[in-house]
2 protein chains.
Amino acid sequence: MNLPREIRYRAYSDWTKDEMIKIKDNVKRSPWRVSYHIEPKTGLLNDPNGFSFFNGKYTLFYQNWPFGAAHGLKEWVHTESDDLVHFHVTGAELLPDTKRDSHGAYSGSAYEIEGNLFLLYIGNVRNENWERDTLQIGAWMDKNYNITKGENVLIHPPADVTDHFRDPQIFNYEGQLYAIVGAQNLEKSGFIKLYKATDNNVETWEEVGNLDFDGTGSEYMIECPNLVFVDQKPVLIYCPQGLDKSELNYGNIYPNTFKICQSLDIEKVKLVGASEIQNLDYGFEAYATQGFNTPDGRALIVSWIGLPDINYPTDKYDYHGAMSLVKELSMKDGKLYQYQVEAITSLRASSEQFTAKAETNNTYELELTFPPNQKLELLLFSDSKGNGLSLIVDTKEGKIILNRSKAGIQYATDFGTIRECSIDTKETIANIFVDNSIIEIFINKGEKVFTSRVFPEKHQNGIQIKSGEPTGKYFELKY
Amino acid sequence: MNLPREIRYRAYSDWTKDEMIKIKDNVKRSPWRVSYHIEPKTGLLNDPNGFSFFNGKYTLFYQNWPFGAAHGLKEWVHTESDDLVHFHVTGAELLPDTKRDSHGAYSGSAYEIEGNLFLLYIGNVRNENWERDTLQIGAWMDKNYNITKGENVLIHPPADVTDHFRDPQIFNYEGQLYAIVGAQNLEKSGFIKLYKATDNNVETWEEVGNLDFDGTGSEYMIECPNLVFVDQKPVLIYCPQGLDKSELNYGNIYPNTFKICQSLDIEKVKLVGASEIQNLDYGFEAYATQGFNTPDGRALIVSWIGLPDINYPTDKYDYHGAMSLVKELSMKDGKLYQYQVEAITSLRASSEQFTAKAETNNTYELELTFPPNQKLELLLFSDSKGNGLSLIVDTKEGKIILNRSKAGIQYATDFGTIRECSIDTKETIANIFVDNSIIEIFINKGEKVFTSRVFPEKHQNGIQIKSGEPTGKYFELKY
């Protein structure tokens with residue numbers, strides 16, 4: 001939703017209690033609040049930030065403008081989890097409250113150092129002519145959730161970038177701390193800058209160079225670059241806005257992609273042996289994915305279920321966006337797999353054999369097997385009139401097709417209503433998570449993933465089997 | 001090593017400073033101390049205990065008699081880790097210092113409850129006629145490592161067990177806390193008792209029944225039962241002492257085994273759909289494996305590298321036993337995999353192409369590929385006279401053979417000097433971890449595992465390629 005600038009950049013302290021009550025009441029009216037995903041209490045949620053392991057728990061912040069469904073003056077909101085499934089808001093917030101982040105505490109990452117969590121993020125600053133400066137700044141959070149901001153700008157935009165220079169990700173490679181930053185160069189192509197913490201002091205950074213990942217530069221900006229290590233291989237996850245579609249077939253307004261590499265050569269500032277670019281998610285919305293390696297070496301990712309520059313049906317209820325389930329990355333036969341963490345099964349409140357259902361509470365998991373050499377179709381969020389979200393699993397042609405043209409309230413239809421991907425022509429397993437207005441589909445234990453929103457109308461809560469005979473289980477989920 | 005009872009059960013306070021200095025000096029003389037495994041500072045280490053996630057870190061205790069290489073008056077020694085690779089001793093100990101554990105704080109498990117760690121363990125008690133009582137008792141450890149013991153015996157041996165009744169493992173199943181205990185019945189067969197914490201209060205336990213896991217009862221005692229959940233399936237890991245070899249082919253004095261089950265039916269006290277019994281490890285020593293599920297649902301295990309009733313070459317240096325690397329369990333095509341945690345790669349100090357080597361520091365990892373349809377042989381811990389530990393990877397016949405008949409100091413030869421297992425006849429990957437006097441071999445990313453000790457003589461530190469041409473990498477490891 002587009003709101004006037006003076007509303008979007010109004011100081012937090014200027015919002016009255018009465019206004020906040022109204023916003024909260026409006027949120028409550030929504031028929032689409034989710035149960036086991038993170039969504040904002042009020043306002044707009046976008047990128048995951050500072051996803052990390054701190055003080056023995058998983059930490060995940062999210063970008064939030066709390067006053068409506070628009071991209072306004074952003075803060076970070078802190079959540080914490082023991083099991084990567086149940087996250088709770090701790091009350092800690094990184095506010096846009098200094099002259100170095102006067103127009104937004106924008107996205108960044110976090111890393112635990114000697115018992116405190118270091119946050120490396122973007123201070124978004126506008127001058128009176130509304131010209132932008134993007135400053136890389138730091139803050140520390142202690143174990144009691146007190147946040148103290150640093151006094152200095154840690155990285156100023158270098159000479160070879162425009163004002164699109166953001167999303168620093170801090171990571172450890174062989175005992176040295178590095179950061180990569182998404183950027184646009186003066187020719188308006190996307191690229192990634194690599195920095196290094198001098199003597200591992202995260203308050204002093206030096207440029208290493210422009211990271212060579214065998215990209216073509218057909219995108220105009222790279223957002224949210226992440227380097228994680230999976231089975232010892234560097235995996236670059238990034239959002240190349242405007243990527244030429246001859247390079248990669250993608251349906252959403254902006255793609256969310258990855259490359260599997262063979263090694264990282266710091267001296268050459270190069271990801272050696274980078275694969276072709278691939279889609280990370282085949283659904284209608286999963287963006288700004290953030291990943292990190294845990295102290296014991298696992299690679300975890302989480303995404304914003306939402307996209308920039310898109311309006312959502314929840315906007316009128318003064319909120320927008322949600323966080324995806326956390327996925328653990330693994331490598332199998334050279335392919336990247338994303339699977340939901342084991343603890344997600346703790347949500348299962350009851351279990352029964354899968355059959356069609358006239359009504360559900362739209363809060364369930366299906367674990368289904370699709371036999372080889374068949375074309376099967378399910379209708380989820382279905383009603384008695386034949387509306388619903390169509391999922392075709394075609395093990396004959398080797399295809400998955402998700403069609404939301406008849407599913408609930410329509411939006412973002414400029415970008416099509418069908419998403420698909422290819423699969424092997426053999427027995428296929430799907431774990432499908434439905435959460436009121438979110439669907440996440442894991443094909444063959446994370447070989448392919450579809451993340452999407454669906455905004456069903458009243459009574460669109462059935463499951464129909466349009467063709468074929470998938471078998472498996474239906475689990476009611478309870479947070 | 002067998003020592004007189006009066007030495008083994010001498011009170012901890014009776015050991016003088018001078019005696020401890022002598023023991024420590026003797027340990028220092030050993031040429032076989034390891035670098036990246038846990039071993040006791042002094043004395044005998046046996047079972048892993050209380051393996052758990054507590055206060056944001058991994059906790060692992062080990063059984064220890066600190067005064068020599070014998071099974072004496074045991075305590076628990078606490079270690080802690082952020083990454084499952086680097087463990088450090090915190091100083092916390094569960095001592096045999098009450099009348100309920102007067103003859104040993106024997107094995108048990110741990111579970112975090114509301115910010116404290118609950119330890120459920122065996123108080124070993126002997127009366128003046130040296131008759132044994134095994135009491136299930138409890139203790140609490142707080143975040144400052146203070147241990148407070150409970151006043152009550154939580155579970156007395158029931159009427160249907162002999163004095164072999166031990167190794168309680170506490171676990172959470174669908175929100176309810178249970179414990180399983182290894183036992184011998186009055187007919188001298190092994191079995192497992194299932195208990196339940198009444199109202200989830202871990203200081204009150206009620207018997208549920210004898211756990212049916214489709215066993216034959218050919219063993220005379222079951223030690224160290226563990227139930228962990230892997231990919232939602234219960235996996236029972238246990239040590240059935242005296243198991244009939246017609247039931248399972250095993251080489252060591254006591255087997256270390258598992259069954260994969262389909263579900264746990266509490267009402268019927270039954271593990272439904274239990275598989276055949278299988279060896280957990282194919283090496284010369286891996287015993288008393290302990291496992292648990294992390295808060296986010298992963299299943300981790302660790303084993304004692306050692307066996308009961310066996311003397312080791314280190315015994316004369318007043319120590320004995322080590323802890324294996326931690327392994328994460330997963331399920332692939334219905335088979336159980338055990339793989340080292342990703343963070344183990346942080347030990348890699350340098351990397352080179354694999355070739356034969358006249359000398360190494362015996363502290364390295366090999367990551368090797370063995371082509372299909374060939375029989376290859378490596379000699380590790382080798383010397384110029386052709387001695388060494390032989391590893392044959394036969395991708396023609398589908399076999400792995402480990403032969404230590406010419407490897408270092410010989411011991412436990414009554415139980416043979418060869419261990420083997422079958423593999424598929426295709427390209428095979430091995431990750432081999434050598435640590436001075438320990439070798440751990442992971443075949444095909446944990447499909448099969450060999451854990452063993454080797455006590456090389458001086459200059460037995462080479463790597464020879466006896467036949468074939470395996471390719472891969474050599475990593476020097478540094479803790």
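Across the interface of chain B and chain A, 12 residue pairs are in polar contact, with both residues at pLDDT 80 or more. The model is predicted. Four salt bridges are counted between the two chains. One of them joins Asp231(B) to Lys445(A). Their closest N and O atoms lie 2.8 Å apart. Charge also marks the side of chain B that touches chain A: it has 11 charged residues, along with six nonpolar and four polar ones.

How many residues of each chain are in contact? Chain B brings 21 residues, and chain A brings 21. The size of an interface is often given as the accessible area lost when the parts come together. Here chain B and chain A bury about 1700 Å² between them. Carbon and sulfur atoms carry 43% of that area. On the chain B side, Gln232(B), Asp296(B) and Glu342(B) supply 36% of the area buried against chain A.

Now turn to a sheet within chain A. Strands of a sheet pair through backbone hydrogen bonds, either parallel or antiparallel. This sheet is open and has five strands, with mixed pairing. Their order is β4-β3-β2-β1-β21 (chain A). Which strands stand at the edges? They are β4 (87-94) and β21 (319-320) of chain A. Each has a single partner strand, so one side of each is left without a neighbour in the sheet.

For β21(A), look at its pairing with strand β1 (residues 43-54) of chain A. The two run in the parallel sense and pair over two bridges. Within this pairing, Gly43(A) stands opposite Tyr319(A) in β21(A).

Methods: Residues are numbered from 1 along each chain as its sequence is written. Chains are lettered from A and ligands numbered from 1 in the order in which they are written. This is a predicted model: local features need pLDDT of at least 70, side-chain atom pairs count only at pLDDT 80 or more; totals for chains, interfaces and linings use all residues. Side-chain values use heavy atoms; hydrogens and water are left out. Contact means heavy atoms within 4.5 Å. Buried area is the accessible area (1.4 Å probe) that two parts lose on being put together, summed over both. A salt bridge is a side-chain nitrogen of Lys or Arg within 4 Å of a carboxyl oxygen of Asp or Glu. A polar contact is a pair of N or O atoms within 3.5 Å; within protein, one must be able to donate a hydrogen and the other to accept it, and residues adjacent in sequence count only if both atoms are side-chain atoms. Ala, Val, Leu, Ile, Met, Phe, Trp, Tyr, Cys and Pro count as nonpolar, Asp, Glu, Lys and Arg as charged, and the others, Gly among them, as polar. Two strands pair if DSSP finds at least two bridges between them. Helices (H or I, at least four residues) and strands (E, at least two) are DSSP runs, numbered from the N terminus.
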